[in-house]
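Q: Could you take a close look at one helix of this model, and describe what surrounds it?

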Amino acid sequence: FEQMEELIQTTGPVNLFRLFINPKDFGQSVENLWYLSRLIHEGQCELQMNSEEEPLICRRSSHHAAGCGGGIAHRQMVWEFDMATWRNTIDVFGISEGMMPHRTSTLSSL
């Protein structure tokens with residue numbers, strides 16, 4: 001969670017899909033999307049569309065993050081994200097490496 005927040009704060013506007021997609025692991029992509037949704041909910045970043053209609057994640061100023069007021073419209077979005085969409089997104093955007101580092105899975109025994 002903190003790693004994604006730091007990445008958004010230091011990179012500037014970044015393509016939504018390049019930010020959260022892990023081309024090696026569907027499950028980690030879903031986790032990354034959840035982390036991103038929390039950062040948006042908390043007002044740390046926002047989704048914007050550029051002139052080419054590319055979805056970008058942008059850092060929010062501390063003024064917006066703290067107050068989230070001033071006539072800013074807040075909307076919710078429900079998004080279907082399945083394995084077929086994940087694979088298609090990797091192909092469309094040519095994602096070979098994720099911006100978020102791949103996490104090695106740890107197996108725990110009961």
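A: The buried residues of helix α5 are covered by elements that include α2 (16-20) and α3, where covering rests on contact, that is, heavy atoms within 4.5 Å. This is a predicted model, in which local features need pLDDT of at least 70 and side-chain atom pairs count only at pLDDT 80 or more, while totals for chains, interfaces and linings use all residues. Residues are numbered from 1 along each chain as its sequence is written, and side-chain values use heavy atoms, with hydrogens and water left out.

Helix α5 spans residues 83-93, and Trp86, Thr89 and Ile90 are buried in it; helices here are DSSP runs of H or I with at least four residues, strands are runs of E with at least two, and both are numbered from the N terminus. Buried means under 20% relative accessible area, exposed over 50%, and partly exposed in between, with a 1.4 Å probe and protein chains only. Seen down the axis of α5, its buried residues fall within an arc of 100°, so they line one face of the helix; the arc is that of the directions from the helix axis to the C-beta atoms. On the other side of α5, Asp91 and Val92 are exposed, and just after the helix Gly94 takes a positive phi of about 60°.

As for α3 (residues 26-41), one of the elements covering α5, it also packs with helix α1 (residues 2-11). The contact there is made by Met4, Glu5 and Ile8 of α1 together with Asn32, Tyr35, Leu36 and Leu39 of α3.

Definitions and conventions. Axes are lines fitted to C-alpha atoms, for helices over the stretch in contact, and angles run from 0 to 180 degrees between N-to-C directions.
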